[in-house]
Amino acid sequence: MAFDDTEKARNAVSTFMRAEVLATRLEAMARAEPAVGNLWRSEIALAEAVASAGLEGIRISEGDLLPRVALNGSQDADPTGAELALSLIRALKAPGDPLTRPVQTVRRFERAAGTGTGPGVDPADEPEGQRLDDAEIEGLFADLRPGDMPILSAARAAAGYAALSQRANPLVERLIFMAADSSLRGRVARGIGPEDVLRGLSGRVDAHWVSPPALALSHRSFLPWSPGSEAGLLTLGTNLARLFEAEVGRFALSRDWLRRGQEAAQGRGGRSRMADAVQAFGTAPVLSSALLAETIGVSIRTALTLLGEMTELGLLHEITGRQTARIWAVPSLGARLAARPARGARRRTVPPTPPFGRHDTGHPGDREMREAAKQRMERAFADLDVALDRAKALLIDTQRRG
């Protein structure tokens with residue numbers, strides 16, 4: 001397949017334009033209603049982290065994460081997989097800005113995915129050729145500008161990392177995709193975010209992405225992540241569009257939760273802190289009584305009273321199922337975290353994404369293979385760029401004649 005073929009170019013343009021239009025709609029909704037957008041993105045970050053791990057063959061579910069945070073003694077799932085997913089959630093909720101601080105951002109992603117330098121990680125353990133140097137990382141984002149098509153431009157940055165690292169860590173590729181998507185939507189995130197004592201399950205989202213690639217590729221069936229190939233780009237664009245259609249409805253559920261919470265707070269006495277509690281959960285949709293008390297400045301007793309009232313109203317779910325050290329969450333997120341797969345139940349997984357070939361050993365032939373992969377990726381995007389330029393020219397010509 002080649003995007004310079006007329007029919008396939010037309011299909012490619014249609015696919016990405018549809019995905020971008022739907023993404024822009026979600027972006028506008030989140031911008032118009034920041035509290036609702038925060039609730040929606042909190043749930044997406046959880047689902048995307050688990051889906052991203054799943055695309056690499058890691059057997060984990062949303063319900064496997066709560067035991068790692070709540071320390072309730074239930075450890076049926078692979079603890080390494082759960083820790084990885086929690087690390088990915090934190091990176092997704094505060095990705096930083098790769099356009100202005102590319103090296104810092106990517107290095108943090110590499111640590112979040114279990115690679116890269118950091119405590120306990122020896123760079124000498126990485127095969128030569130997989131680790132990008134600082135200049136290569138800067139080059140991934142050098143041509144990206146706010147106003148570019150976010151999905152396609154984010155895919156280009158992810159594909160560039162994939163080619164240069166020989167697909168050593170697709171988890172990092174997808175983090176790069178979402179971070180670039182966030183920055184290209186014109187709202188620069190502030191940094192790595194405040195410390196979250198619930199390890200990513202609570203706290204606000206300091207990001208503006210709307211395009212979760214792993215979730216899109218596992219929305220209806222598991223499909224391969226391959227941002228550097230023509231087929232992979234079309235698969236990503238097609239499935240993002242399908243996911244966006246579903247997420248418009250999910251966004252409405254978050255809006256309804258906030259509306260019901262605000263209505264519940266109305267008409268109460270001036271001493272009531274219900275409105276503050278609703279706002280606290282709108283910002284950090286998973287909280288303990290101690291965290292709620294600290295956030296809104298009340299006693300633990302008052303926090304427990306508020307939590308009980310909100311639970312009775314259906315605004316919260318208690319998700320630990322115990323009498324002490326309890327944790328509450330908004331219903332949509334709570335349903336994901338409290339869901340526990342049956343013992344021995346099979347979780348859907350796919351084989352991990354294979355590398356382009358054997359690892360770069362420093363041999364000239366290996367370097368040539370790495371360069372060839374990069375050139376294949378660049379040709380795929382160049383063909384699509386030409387197709388998009390043709391579509392834009394045709395649209396402008398049609399508008400002039402009209």
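R41 lies over the face of W209, 6.0 Å from the ring centre; a charge counts as sitting over a ring if NZ of Lys or CZ of Arg is within 6 Å of the ring centre and within 35 degrees of the ring normal. This is a predicted model, in which local features need pLDDT of at least 70 and side-chain atom pairs count only at pLDDT 80 or more, while totals for chains, interfaces and linings use all residues. Residues are numbered from 1 along each chain as its sequence is written, and side-chain values use heavy atoms, with hydrogens and water left out. Welcome to the structure; here is a tour by topic.

**The chain as a whole**

- The chain has 15 helices and 3 strands, which are DSSP runs numbered from the N terminus (helices: H or I, at least four residues; strands: E, at least two).
- Buried residues make up 51% of the 402 residues in the chain; buried means under 20% relative accessible area, exposed over 50%, and partly exposed in between (1.4 Å probe, protein chains only).
- Taking contacts between residues at least 6 apart in sequence, 74% join residues at least 24 apart; a contact means heavy atoms within 4.5 Å.
- The accessible surface of the chain comes to about 18300 Å², and carbon and sulfur atoms hold 52% of that surface. Such areas come from the Shrake-Rupley method with a 1.4 Å probe, and for residues only the protein chains shown count as cover.

- Helix α5 (residues 102–112) is largely enclosed by the rest of the structure, because 9 of its 11 residues are buried.
- The buried residues of α5 are P102, V103, T105, V106, R107, R108, F109, E110 and A112.
- These buried residues pack against α4 (79–93), α6 (134–141), α7 (150–165) and α8 (170–184).
- After α5 comes G114, whose phi is positive, near 90°.

**F177 and the nonpolar core**

- The largest nonpolar core has 113 residues, and F177 and F281 touch the most other members. A nonpolar core is a set of buried Ala, Val, Leu, Ile, Met, Phe, Trp, Tyr and Cys residues joined through side-chain atoms within 4.5 Å.
- In soluble globular proteins, nonpolar side chains tend to be buried together.
- Not counting residues up to four places away in sequence, F177 touches I151, A154, A155, A158, S211, P213, W225, L236 and L240.
- A search of the whole structure finds 2 aromatic pairs. Rings of Phe, Tyr and Trp (its six-membered ring) pair if their centres lie within 6.5 Å; planes under 30 degrees apart count as stacked, over 60 as edge-to-face and the rest as tilted.
- F177 and W225 form an edge-to-face aromatic pair, 6.1 Å centre to centre with 90° between the planes. F177 lies in helix α8 and W225 in the loop between α9 (213–217) and α10 (230–265), so the pair ties together parts that are 48 residues apart in sequence.
- Both F177 and W225 are buried.

**Salt bridges**

- The structure holds 21 salt bridges, each a side-chain nitrogen of Lys or Arg within 4 Å of a carboxyl oxygen of Asp or Glu.
- E83 forms a salt bridge with R68, with the closest N and O atoms 2.9 Å apart. E83 lies in helix α4 and R68 in helix α3 (residues 65–70), so this pair ties together parts that are 15 residues apart in sequence.
- E83 is partly exposed at 25% relative accessibility, and R68 is partly exposed at 24%.
- D134 and R107 meet in a salt bridge through their side chains (3.0 Å, N to O). This pair links distant parts of the chain, with D134 in helix α6 and R107 in helix α5, 27 residues apart.
- D134 is partly exposed, with a relative accessible area of 40%, whereas R107 counts as buried at 8%.
- R259 and E263 meet in a salt bridge as well (3.1 Å, N to O). Being 4 residues apart in helix α10, R259 and E263 are separated by about one helical turn.
- R259 is partly exposed at 38% relative accessibility, and E263 is partly exposed at 45%.
- Salt bridges that share partners join E43, E62, E247, R250 and R336 into one network.

**L258 in helix α10**

- L258 lies in helix α10 and counts as buried at 14% relative accessibility.
- Leaving aside neighbours within four places in sequence, L258 is in contact with A35, V36 and V278.
- L258 and G282 are 24 residues apart along the chain, and their C-alpha atoms are separated by 7.2 Å.
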